[in-house]
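Please look over the model below before reading the notes on its fold and its chain contact.

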Amino acid sequence: MKDVAIIGIGVTKFGELWDKSFRNLIAEAGAKAILDSGISGSEIDALYVGSMSAGRFVGQEHVGALVADSSGFTHLHIPSTRVEGACASGGLAFRQAYMSVASGIHDIVVVGGIEKMTDVVESEATNILAMGLDQEWESFFGITFPGVYAMIATKHMHDYGTTREQLAQVAVKNHANGALNPNAQFRKEIPLEKVLNASMVAYPLGMLDCSPLSDGAAAVVICAADLAKKYTEKPVKIIGSGQASDMLPVHGRENICTFDSTVHAAKKAYKQAKKEPKDIDLAEVHDCFTIAEILAIEDLGFVKKGEGGKAIENKITTIDGSIPVNTSGGLKAKGHPIGATGISQIAEIVMQLRGQADKRQVKDAKIGLTHNIGASGATCVIHILEAM
Amino acid sequence: MENIGIVSYGAYIPRLRIKSSDIAKAWGKDPQTITGGLGIIEKSVPALDQDVATISVEAARAALARCVINPKDIGAIYVGSESHPYAVKPTGTIVAEAIGATPDVMVSDYEFACKAGTAAIQTCMALVKSNMIKYGLAIGSDTSQAAPGDALEYAASAGGAAFVIGKENIIAKINETCSFTTDTPDFWRREGRKYPAHGGRFTGSPAYFRHITECSKKLMEKIGTKPSDYNYVVFHQPNGKFPTRIAGMLGFTPEQVKQGLLCPYIGNTYSGASMVGLASVLDVAKPGERIFVTSYGSGAGSDSFDITVTEQINGLNKKNAPLVSQLIANKEYVDYATYTKYRDLLYWE
């Protein structure tokens with residue numbers, strides 16, 4: 001298996017981008033990544049793109065071919081494949097691209113992620129997102145995402161004494177980070193009281209415990225590691241990749257406060273990277289709701305199960321903490337255009353490992369981890385990246 | 001522009017009110033969050049026997065009661081509304097007949113969401129300017145619709161205002177006007193549908209804020225004025241918060257907004273909103289004072305007006321019709337159950 005490196009990254013601004021279309025966004029992210037990498041278009045062997053529900057959000061399927069076309073690569077006739085795994089679509093697309101280069105089939109691949117979510121009304125967006133749950137066992141009975149994560153949060157509070165204040169601290173931290181990220185949807189700090197007093201969505205999750213609906217795209221260029229130095233001074237190597245699945249609905253899981261998919265994907269990624277949780281300098285984790293970040297730092301092994309809330313309270317995950325989490329602002333503040341999320345996490349870690357994260361730069365960052373969850377944890381994909 | 005302006009004006013707001021907190025309670029929402037969030041304390045409710053025709057007639061009669069003109073000299077009547085009682089058959093003919101302006105009168109109904117009334121003012125200005133008519137009557141009036149439980153339900157209310165436009169005896173000169181129009185589908189109601197639909201936050205920055213900002217700036221640039229040149233400013237008021245926010249964005253002060261901001265007490269009267277606001281300003285304005293008005297209609301567009309009050313306002317018989325403040329003060333509350341009956345929200349077979 002070949003070593004694979006990331007040589008270019010490109011992200012659009014995330015937010016309610018009413019003046020940009022689906023194809024504008026993915027073409028913009030792709031063009032930025034290609035420019036950043038220094039490759040020429042004709043060197044690209046294949047394209048991958050992660051998108052959860054372009055069909056329902058903008059009425060467009062067959063996204064693979066569309067991306068090749070709208071990026072100006074029609075004449076190359078290269079393979080272009082869309083990957084779907086609910087909110088993990090971007091991370092899964094990245095893993096597919098990684099495997100295609102690691103296997104030796106391709107040398108240079110561009111992989112993007114996109115979602116354009118604000119062309120439909122909010123209630124419709126909620127219904128579309130709920131399609132990532134189990135239709136027969138969950139969505140059919142009326143539960144939506146906030147409801148599922150609210151049950152998980154309630155159980156976590158019951159079992160481990162996690163508090164609403166600790167949940168809220170996740171949002172406070174991620175908004176503080178988002179304020180430093182020029183591409184974030186929300187570039188504004190929020191006080192704890194505001195999170196606690198926000199309209200209730202599903203107890204204990206208020207409006208500001210939830211990630212927003214967003215438009216946006218992200219793309220990265222990867223290549224065989226032995227070619228990387230030809231294009232960039234600062235390639236970033238993919239040293240671990242793990243993916244795992246779990247029971248689609250949450251009700252049958254042994255403990256809803258643990259995402260087994262995260263535990264298993266992490267085990268695989270750590271093993272391949274020959275690293276342990278303590279070796280990770282920073283992580284971008286899937287904080288679709290504040291409780292999700294607490295689960296993530298526990299399941300990734302940064303802290304013991306049940307101690308996630310305390311860890312947030314003790315500020316070990318802030319930019320200058322011992323394990324900075326979501327320096328980009330996370331899904332909460334950076335925004336969560338579903339398919340783009342997994343790729344934008346990779347882009348943030350690459351920026352950090354290159355030392356280009358400006359005001360949110362983590363000191364001496366050498367090894368970073370990305371953690372991308374599909375829906376309520378039935379899919380997880382994790383990557384560990386290291387500066388070359 | 002030669003002296004064209006407002007000869008007289010009148011407003012009408014139905015007497016019934018419902019409190020936002022009562023609507024919030026009916027839907028299990030926190031009353032304080034709703035009232036504070038929207039800046040609407042209560043809104044007007046049309047009674048069973050009130051519609052856009054009756055509100056328009058009330059406003060038109062109020063305008064005529066204050067001045068001495070022969071209704072037969074009114075050469076055009078345009079009624080702007082998104083709740084005309086008939087889909088086919090104009091409201092304007094009912095108004096024309098009621099005030100004695102028929103039959104030598106041009107009549108048409110307008111629809112441009114919440115700015116059809118100010119569009120009617122512009123049309124009347126043009127007809128007066130071209131000497132096709134002596135006086136024109138421009139009316140903005142609505143009994144706006146909102147689906148039960150929709151966010152619009154806290155705002156959609158009823159009311160209207162009528163303005164007689166002419167060249168003689170003008171109480172306020174309209175110095176200049178302009179419009180800013182694009183195809184922006186932020187809010188709409190399809191043919192045959194009972195309730196409007198809207199694009200949530202899309203109704204904000206790309207719609208209301210963009211159109212009002214661009215139109216207002218364009219007019220001030222055209223005539224070389226700045227916000228501090230005005231004594232009063234009136235903006236379309238879909239809730240109690242937007243007008244103050246956009247005033248700040250453009251450089252106006254809350255004091256300039258205050259007299260024309262009625263939404264907190266009567267809700268959003270849609271086609272009537274900026275016009276009742278202007279009527280409220282004219283109720284107190286003194287000769288020489290300057291007024292800036294920008295309406296907004298979804299779909300979308302804005303009309304801006306630069307207005308200077310003349311000496312003639314002192315000669316207007318304002319007392320012959322109620323002031324806007326009196327219309328607001330004359331109220332009676334209904335509960336949500338009564339509201340559903342009056343607004344035809346109940347279903348039975």
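Predicted model: local features only at pLDDT ≥ 70, side-chain atom pairs only at ≥ 80, totals over all residues.

Residues are numbered from 1 along each chain as its sequence is written, and chains are lettered from A and ligands numbered from 1 in the order in which they are written.

**Chain B as a whole**
- Chain B holds 12 helices and 14 strands, where helices (H or I, at least four residues) and strands (E, at least two) are DSSP runs, numbered from the N terminus.
- Its radius of gyration, taken over C-alpha atoms, is 19 Å, close to the 20 Å that the globule rule (2.2 Å times the number of residues to the power 0.38) gives for 349 residues, so chain B is as compact as a globular protein of that length.
- The C-alpha trace of chain B spans about 55 × 45 × 40 Å along its principal axes.
- Of the 349 residues in chain B, 55% are buried, a residue being buried if 20 or more other C-beta atoms, placed from the backbone, lie within 10 Å of its own.
- Among the contacts in chain B with a separation of 6 or more, 79% join residues 24 or more positions apart; a contact requires C-beta atoms, placed from the backbone, within 7 Å.

**The sheet of chain B**
- Nine strands of chain B form an open sheet with mixed pairing, in the order β5-β4-β6-β7-β1-β8-β13-β12-β11, where two strands pair if DSSP finds at least two bridges between them.
- The edge strands of chain B, β5 (106-110) and β11 (232-235), each pair on one side only, and the twist averages 20° from one strand to the next.
- Strands β8 (residues 172-184) and β13 (residues 299-309) of chain B pair in the antiparallel sense over 10 bridges, with T184(B) standing opposite G299(B) in β13(B).

**Helix α14 of chain A**
- Because 16 of its 17 residues are buried, α14(A) is largely enclosed by the rest of the structure.
- G355(A), whose phi is positive, near 75°, follows α14(A).

**The chain contact**
- The contact takes 5 residues from chain A and 6 residues from chain B.

Technical notes: Contact = placed C-beta atoms within 7 Å. Axes fitted to C-alpha atoms, helices over the stretch in contact; angles between N-to-C directions. Buried ≥ 20, exposed ≤ 12 C-beta atoms within 10 Å, placed from the backbone.
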